[in-house]
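Morning, everyone. Please have the sequence and the 3D view open while I talk. I'll go through a few places, one after another.

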Amino acid sequence: MLRHSVSWVRFVQPKSCYTRPTGVCNIRVSSYSTASDYTVTDKFVKVNGRTFERDEWTNVTPNVLSKMNRKLHLQPTNPISIIRQLIESHFNNYKPFHSFSPIVSTQQNFDDLLIPKDHPSRTKSDNYYFDKNTLLRAHTSAHQLQGLSSGEKKFLISGDVYRRDEIDASHYPIFHQIEGFAYFDNTDPVSMRAQIEAGMNNDTRANNIDLLDDTVIKPSNPIQGCHSPENVQLVAADLKHSINSMIYSLFADEPDLKVRWIDAYFPFTSPSWEVEIFYKGAWLEVLGCGVVQQPLMNKSGLDNKIGWAFGMGLERLAMVLFDIPDIRLFWSEDKRFTEQFTPGKIQKFKPFSKYPPCIKDISFWVPKGEWHENNFCEVVRGAAGDIVENVQLIDEFTHPKTDKRSLCYRILYRSMD
């Protein structure tokens with residue numbers, strides 16, 4: 001099964017290789033950022049001046065359309081933006097891009113990244129589609145080829161990304177990522193080694209961070225056939241040094257932090273790894289990375305180059321660093337939240353209200369055919385908005401005679417402000 005993460009989409013390695021609204025909804029949403037203009041009808045969806053005719057794939061909702069232009073990663077005092085600013089400051093010789101449109105083609109979001117046609121990450125239950133060929137990006141990786149076409153050898157891409165997902169304190173249908181990319185000349189290993197080693201001269205290890213990395217390149221996480229082991233080892237070393245030094249910088253004031261590297265699988269990198277942080281008693285995945293699949297480089301006319309990339313969720317980093325207990329808080333326009341933070345600084349969140357929960361249980365018969373919990377959560381979000389803190393399946397029943405299936409969900413309502 002595919003499991004969502006907030007860096008890159010987490011992929012299970014294939015065995016073969018190493019509400020629909022009705023009527024009219026026409027709304028302009030006001031906030032302290034640019035407002036969204038959108039219209040949803042039975043025949044079309046229009047947003048920010050673009051119109052898409054509905055088809056059998058259309059499932060984008062007013063709830064997400066209303067927030068498309070909030071762009072929390074560009075609001076200077078939002079913790080998500082502060083993390084972005086700090087990462088861009090650390091990678092100060094990388095070109096930042098943070099204004100690519102979140103509306104992308106399936107070609108950009110999947111095909112350009114070598115994601116198989118039958119992969120579950122393409123499903124309607126996981127994404128927000130305008131039509132069969134257009135959706136809201138599920139990751140900033142959708143813009144890797146745009147970054148490469150810029151001519152920059154090192155760049156960062158940040159932006160809002162969209163996935164239909166469960167409802168709890170760490171999941172939200174809109175979140176934010178930052179993507180890093182660097183490449184080197186594959187034909188001159190001596191020059192490449194000198195360039196990479198020059199950038200790794202300073203040991204930035206922090207005493208407060210317990211970092212575990214026992215990963216090695218192996219057949220289950222292989223080197224691509226077109227790459228030499230020597231060059232891959234160099235590129236991987238530069239990738240890991242770049243990420244580790246960023247972690248040391250961001251978490252310099254965090255006591256007793258545990259970080260670990262583990263093997264991973266992504267269609268667009270090989271070998272691939274994930275980075276996890278031990279937070280509140282559990283390992284929290286915050287980053288995916290690897291050596292870029294050569295066909296992506298070749299498609300950009302960079303046949304003689306070798307590169308690495310990473311994708312990282314900004315919300316999870318901000319929750320850890322700012323001690324923010326619930327992902328919904330990032331969307332708050334309450335001044336008691338928005339005025340707590342200063343650009344360039346990490347400041348621990350000070351709670352300003354905590355209402356008691358209101359719990360309601362709801363049970364219903366599941367219609368025949370496929371059942372996707374993400375779709376149910378989308379109905380809940382559409383009806384109740386951000387006042388819902390958690391949706392949890394607490395019971396299920398199958399009638400012994402009719403074989404009909406019933407589910408019981410517990411919905412926890414609580415206002416954050």
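Let's start with lysine 43. This residue counts as exposed, because its relative accessibility is 68% and the cut-off for exposed is over 50%. Where does lysine 43 sit? Look in the loop between strand S2, residues 36-40, and strand S3, residues 44-47. Now find glutamate 53, ten residues apart from lysine 43 along the chain. The C-alpha atoms of these two are separated by 6.0 Å. Leave aside the neighbours within four places in sequence, and lysine 43 is in contact with Phe52, Glu53 and Arg54.

One reminder before we move on: this is a predicted model.

Next, aspartate 334. Is aspartate 334 buried or exposed? Buried, because its relative accessible area is 17% and buried means under 20%. Aspartate 334 lies in the loop between helix H8, residues 314-322, and helix H9, residues 335-338. Its side chain makes a polar contact of 2.7 Å with the side chain of arginine 336. Which residues does aspartate 334 contact once neighbours within four places in sequence are left aside? They are Phe352 and Asp417.

Asp417 brings up a record. UniProt, in an unreviewed entry, places the feature "domain: FDX-ACB" at residues 353-417. Over residues 353-417 the chain is 18% helix and 43% strand. The end C-alpha atoms of that stretch are 6 Å apart.

Stay with the loop between H8 and H9 for a moment. Aspartate 323 is in that loop as well. Check its backbone: phi is near 55 degrees, a positive value in a residue other than glycine. Aspartate 323 counts as partly exposed, because its relative accessibility is 37%.

Leucine 114 also has a positive phi, about 65 degrees, although it is not a glycine. Find leucine 114 in the loop between helix H3, residues 106-109, and strand S7, residues 129-131. Leucine 114 counts as partly exposed, because its relative accessibility is 35%.

One more backbone point. Which peptide bond is cis, the one from serine 270 to which residue? To proline 271, with omega near -5 degrees. Proline 271 is in strand S13, residues 269-279.

Now the spaces inside the model. Take the second largest pocket. About 280 Å³ of space lies there. The lining has 14 residues. Asn93, Tyr94, Lys154, Gly199 and Ser242 lie nearest the centre. Helix H5, residues 189-199, and helix H6, residues 229-250, are the elements that give two or more residues to this lining. H6 gives the most, with four residues. By class, this pocket lining has four nonpolar, eight polar and two charged residues.

Last stop, the largest cavity. How much space lies in the largest cavity? About 80 Å³. Its lining includes Ile167, Asp168, His171 and Tyr172. Ile327 and Arg328 are also among the lining residues. By class, the cavity lining has four nonpolar, two polar and five charged residues.

Go back and find both in the 3D view. Thanks, everyone.

Technical notes: Residues numbered from 1 in each chain as written. Predicted model: local features only at pLDDT ≥ 70, side-chain atom pairs only at ≥ 80, totals over all residues. Heavy atoms only, no water. Buried < 20%, exposed > 50% of the residue type's maximum accessible area, 1.4 Å probe, protein only. Polar contact = N/O pair within 3.5 Å; in protein donor to acceptor, adjacent residues only side chain to side chain. Contact = heavy atoms within 4.5 Å. 1 Å grid on protein atoms, 1.4 Å probe; cavity = no way out; pocket = protein on both sides within 12 Å on 5 of 7 lines; lining within 4 Å. Points joined across faces, edges and corners; volume = space filled by probe spheres on them. Nonpolar A, V, L, I, M, F, W, Y, C, P; charged D, E, K, R; others polar. UniProt positions renumbered as here; feature names shortened; annotations may be inferred.
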